[in-house]
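Let me put the model up.

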Amino acid sequence: MSRRTSRKKLEVEVDERTEELKTALSNLTEAHIILKELTTIDAVTGIRNRQYFDEVFEQEWKRAIRQKYEISMLVLDIDHFKRVNDTYGHLAGDECLAKVATAIDSMLNRPSDVVARFGGEEFVEILPYVGKVNACQLAEQIRERVEELTFEGEAEAIQVTISIGVSTLLPADRGDPKRLIAAADEALYKARSTRRNRVCT
């Protein structure tokens, strides 16, 4: 075999090996993305979890400071959820959480809007570029949508309602993002401490 042929063969082998490595790297990257996606999904409701919310909220807050736009936040709580668990069992409670989460998620149309399970029977929504009036309108639409939901318990149909706290801020350089969450939480407390099944801001 001549030196020229030998070099050509080596170049082909190197090219083939390079392609194999590129394919392997691409597959590995894809697997990593899928794995990361899975770790941000709440197992019960199928929507995003608290970890994902924390990451996205921090990014959105910084972007809002740079671009100077408002962010609204909704904190949503299923009214008397303990009663559902105590009366119908935890499987019915899980189904209730999943149905409510799906209903909330279905009301969001923009890629930038995020809903996540905040903990227990609480959910949270981040709404970039949304002012107070529009946030309250959306919250009321979500409240009405959940109120219309019915799902089957063991012996009867179950209906639930939600209370929603709304807050809106224009993030500032030295502002604390926790203020937005605290304000929405305070509004939720106001809704729950009165008659529930309502939106407060």
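The side chain of tyrosine 129 makes a polar contact with the side chain of glutamine 67, at 3.3 Å. A polar contact here is a pair of N or O atoms within 3.5 Å; within protein, one must be able to donate a hydrogen and the other to accept it, and residues adjacent in sequence count only if both atoms are side-chain atoms.

Before going on: this is a predicted model, where local features need pLDDT of at least 70 and side-chain atom pairs count only at pLDDT 80 or more, while totals for chains, interfaces and linings use all residues. Residues are numbered from 1 along each chain as its sequence is written, and side-chain values use heavy atoms, with hydrogens and water left out.

Tyrosine 129 sits in the loop between β3 (122–128) and α5 (132–147); helices (H or I, at least four residues) and strands (E, at least two) are DSSP runs, numbered from the N terminus. Leaving aside neighbours within four places in sequence, tyrosine 129 is in contact (heavy atoms within 4.5 Å) with Gln67, Tyr69, Glu70 and Arg110. Glutamate 70 is 59 residues from tyrosine 129 in sequence, yet 5.2 Å from it in space, C-alpha to C-alpha.

Phi of tyrosine 129 is positive, about 65 degrees, although the residue is not a glycine.

Now histidine 80, in the loop between β1 (71–78) and α3 (81–88). Histidine 80 also is not glycine, and its phi is positive, near 50 degrees.
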